[in-house]
Amino acid sequence: MPEPSPTPARRGRLLRFGAAVAVLFALAGYLAVQYLTGGAGEPRCRVVSGKGDDASYEFTPEQAVNAATISAVGSSRRLPERAVAIALATALQESNLRNIKHGDRDSLGLFQQRPSQGWGTTKEIMDPTYAAGVFYEHLTKVPGYTRLPLTVAAQRVQRSGYPQAYAKHEPDATMLAAALTGRAAATLTCQGSPGATPVGGPDSVRAALVRDFGHEVLQDAGADISAQGDSSAPDGTSSSSAASGPASARASGSPSSTSSAVSARTVTVPVREDASTGTGVRGWELAHWAVANSSALHIERVSYAGREWTAGRREGEWLGSGTQGAPPAKQAATEVRIVTAQ
């Protein structure tokens, strides 16, 4: 005689039991991966408030690269931190800090600028460095823009149909600006493995520095950069000639205590004293820029002023001098070291 079919209540219990077992297996698998990889999953970046108020903002490596470019372009033009915050809030609202190829009518790029309205060609607008530069050109023509409410300053440039929308991004943009301009030290971190990008190595780091800050970032600082090569810089020049001239960057290794392999992957950027901001501000600006570009450029380690950030480290925190793997105290605030993974 066949056994009776399970009652609906029993079937429900069996289904719930099976679902619970599946969840447990999935959790066990996740914990195993976290244990084996040290917790490094998809790359993520984070900026925290330098005021100690626990405020923070998380974003993707793509957003980090674009934010770093916007800040660097403002810095290269000697613009104040407020200008950078306005630009970042605008890009957060217009594109979520993504270089998108679509928008309202013919709007494009980080700031949703329109070729038909004289912002530039499609190719120019899709270049984040150009887009940031032309935004700042318009912003600096606004009388007293640093004293205006952020929404008003942004609207004077953008002429948006939703001018008040910029306000909601002001807290995050202000934190980002403080970190990326170097005023708030050791506040920007990224964690997780670098993305699968085709670029990397010291030459790519140098080309990206020139792309974002201009040639002066190498010439004025007298930067020493290792591993010369002939890869192309974004402006069409070769990386070996990107910093040519009497103050050009020269091949250099990291300190003699490191291996030759690490030396060949190290970019050392001396930080010159700046009477208006101080050495530390410029140094943290460059260090945070490197961390923001870590996934895109396969940067493995960044050290400055006795602190070190390492890719893949849990929480991606900056470790202080004296911690295993941290840079020597003698590094002080005189240079930023960037070690690439290839």
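Visitor: How do α3 and α7 lie to each other?
Guide: In this predicted model, the axes of helix α3 (residues 81-95) and helix α7 (residues 170-180) come within 8 Å and cross at roughly 130°, and α3 and α7 are therefore oblique to each other.

Visitor: Which residues make the contact?
Guide: With contact meaning heavy atoms within 4.5 Å, α3 contributes Glu 81, Arg 82, Val 84, Ala 85, Leu 88, Ala 89 and Leu 92, while α7 contributes Glu 170, Asp 172, Ala 173, Thr 174, Leu 176, Ala 177 and Ala 178. By class, the contact has 9 nonpolar, 1 polar and 4 charged residues.

Visitor: Switching to α6, how many of its residues are buried?
Guide: Helix α6 (residues 150-158) has 7 of its 9 residues buried, that is, under 20% relative accessible area with a 1.4 Å probe, protein chains only. The buried residues pack against α3, α5 (128-139) and α7, and among them are Leu 150, Ala 153 and Val 157.

Visitor: And what follows α6?
Guide: Arg 159 follows, with a positive phi near 55°.

Visitor: Where does pLDDT stay under 50?
Guide: The predictor's confidence in each residue, from 0 to 100, stays under 50 over residues 29-40 and also over residues 322-330. Where pLDDT is low, the predicted coordinates should not be read in detail.

Visitor: What ground rules apply?
Guide: Local features need pLDDT of at least 70 and side-chain atom pairs 80 or more, while totals for chains, interfaces and linings use all residues. Residues are numbered from 1 along each chain as its sequence is written, and side-chain values use heavy atoms, leaving out hydrogens and water.

Key:
Axes fitted to C-alpha atoms, helices over the stretch in contact; angles between N-to-C directions. Helix = DSSP H or I, 4+ residues; strand = E, 2+ residues; numbered from the N terminus. Parallel < 35°, antiparallel > 145°, perpendicular 65-115°, else oblique. Nonpolar A, V, L, I, M, F, W, Y, C, P; charged D, E, K, R; others polar. Buried < 20%, exposed > 50% of the residue type's maximum accessible area, 1.4 Å probe, protein only.
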